[in-house]
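Dear colleague,

Please find below the structure I am handing over to you. My notes on its aromatic rings follow.

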Amino acid sequence: MISKRASFRRWPHRSVRRANIELQQHRLDVLNAENEFVEAFRQLTAMVGCDLPIGWIDGSLRPQQTLPSFDSVYAELIDNSPEILAARAKLASDHTTLRRESVQWVPDVIVQGGPGYNFSNYEPVYNASVRMELPIHDWNQGTILQARHDLARQQDEIRRIEMELRDRLAMAYRMYATSLQHATEYENVIIPQRQLAYTELLKSYKDDRVDWPDVLEAQRDYFMARLQQINYFRDVRIQETRIDGFLLEGGLMAAQASTPPGHIDSVPKPR
């Protein structure tokens, strides 16, 4: 029976060929990572609205402090979220519209006057008139009813936005907590163990007890663990930024139409 060590010495070209293939794959991975870095940097400069030369950004992936409790973050979100503030501003506008429409039917006194000319007698004339509109049958009931419905709809809309924010925050908070737990576990346990295994295999190879491909495999596992930890910390930072930014996304998207939904249009009266 041929030992593993003897097999490696008998067919070294196979191991060399496999190592060359893996080397080329890793070169392609490096090129892909460089392209992703350039893309991410350009997206960052587009988001902040300034032109910066491509370069490295200082800082640490590990957050300096953890987020407060879910209830505290949610309370802060409900108080200061731009989505909630915009909905409450629309609610105040609907209150004003209802109060205005409730008195819109009161008749106005219209006074008119002006000069003229009598072509029959060939002399100037002056006229004046006073008119009062009495809405005997039109008390603006339809518009008032629509204003009340808009007010009730906006109250429900605020509640809907609050529940939607809670749902989005729950997902972001869960992803933040999970990524932080995984990154911490990798830092404290997995990466040190991977590094220790690589170091022991490297020493065993120097003592001529293991083959070099085994050392390369252990080294690859160690590097992959470090990359996975970086990805977890990146996810932590992404969710932290989303939560600190009130879950707002799409900063480069076009704004919605300026006309709010539910505007008064039941009767053709100027407003």
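Which residues do ring pairs link into a cluster? The cluster consists of F70, Y74, Y173 and Y176. Rings of Phe, Tyr and Trp (its six-membered ring) are taken to pair if their centres lie within 6.5 Å; planes under 30 degrees apart count as stacked, over 60 as edge-to-face and the rest as tilted.

The model is predicted, so local features need pLDDT of at least 70 and side-chain atom pairs count only at pLDDT 80 or more, while totals for chains, interfaces and linings use all residues. Residues are numbered from 1 along each chain as its sequence is written, and side-chain values use heavy atoms, with hydrogens and water left out.

Y74 of the cluster also has R166 over its face, 4.9 Å from the ring centre. For such a contact, NZ of Lys or CZ of Arg must be within 6 Å of the ring centre and within 35 degrees of the ring normal.

Across the whole structure, the search finds ten aromatic pairs. In one of them, F37 and F41, the ring centres are 6.3 Å apart and the planes stand at 40°, so the pair is tilted. These two residues are four apart in helix α2 (residues 12-48), and therefore about one helical turn separates them. Helices here are DSSP runs (H or I, at least four residues), numbered from the N terminus. F37 is partly exposed at 30% relative accessibility, whereas F41 is buried at 8%; buried means under 20% relative accessible area, exposed over 50%, and partly exposed in between (1.4 Å probe, protein chains only).

Y222 and F223 also form a tilted pair, with 5.6 Å from centre to centre and 40° between the planes. Y222 is buried at 11%, and F223 is partly exposed at 41%.

Yours sincerely
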